[in-house]
Amino acid sequence: MNFTEKDYLQAKHRLEEAQARNRVKERAARTHRLIQEGAILEKTMPQVRQMSLEQLEGYLCSLIK
């Protein structure tokens, strides 16, 4: 089987497109997961809604220690 340069480039581009689609899917899945986790956090600890991100981080770190 002899691949020409054109065949090689087409295969390379198909692979790059598939990888790009996978990155988009992974990013969407991460975003969805983060939204769900945030919703659970707000549901279980309503006081965090009024906190800044820095305050929230400090608060959560203090709970761990």
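## Arg49 and its partner

Arg49 is exposed, with a relative accessible area of 51%. On this scale, buried means under 20% relative accessible area, exposed means over 50%, and partly exposed is in between (1.4 Å probe, protein chains only). Arg49 forms a salt bridge with Glu42, and their closest N and O atoms are 3.7 Å apart. A salt bridge here is a side-chain nitrogen of Lys or Arg within 4 Å of a carboxyl oxygen of Asp or Glu. Glu42 itself is partly exposed, at 36% relative accessible area.

## About the model

What you are looking at is a predicted model, in which local features need pLDDT of at least 70 and side-chain atom pairs count only at pLDDT 80 or more, while totals for chains, interfaces and linings use all residues. Residues are numbered from 1 along each chain as its sequence is written, and side-chain values use heavy atoms, leaving out hydrogens and water.

## A salt bridge within helix 1

The structure holds two salt bridges. Besides the pair described above, Glu37 forms a salt bridge with Arg33, with 3.3 Å between the closest N and O atoms. Both Glu37 and Arg33 sit in helix 1 (residues 5-44), four residues apart, about one turn of the helix. Glu37 is partly exposed at 40% relative accessible area, and Arg33 is also partly exposed, at 39%.

Lys25 counts as exposed, with 59% relative accessibility. Lys25 and Pro46 are 21 residues apart along the chain, and 31 Å separates their C-alpha atoms.

## The overall shape

The protein chain has two helices and zero strands. These are DSSP runs numbered from the N terminus (helices: H or I, at least four residues; strands: E, at least two). Along the principal axes, the C-alpha atoms fill a box of roughly 65 × 20 × 20 Å.

The radius of gyration of the protein chain is 22 Å, whereas a compact globule of 65 residues would have a value near 11 Å. This radius is taken over C-alpha atoms, and the globule rule is 2.2 Å times the number of residues to the power 0.38.

## Surface and charge

Buried residues make up 3% of the 65 residues in the protein chain. The accessible surface comes to about 6200 Å², and 58% of that belongs to carbon and sulfur atoms. Such areas come from the Shrake-Rupley method with a 1.4 Å probe; for residues, only the protein chains shown count as cover.

The chain carries 12 positive and 9 negative side chains, and the centres of the two sets lie 4 Å apart. Lys and Arg count as positive and Asp and Glu as negative, with His and the chain ends not counted. Each charge is placed at NZ of Lys, CZ of Arg, CG of Asp or CD of Glu.
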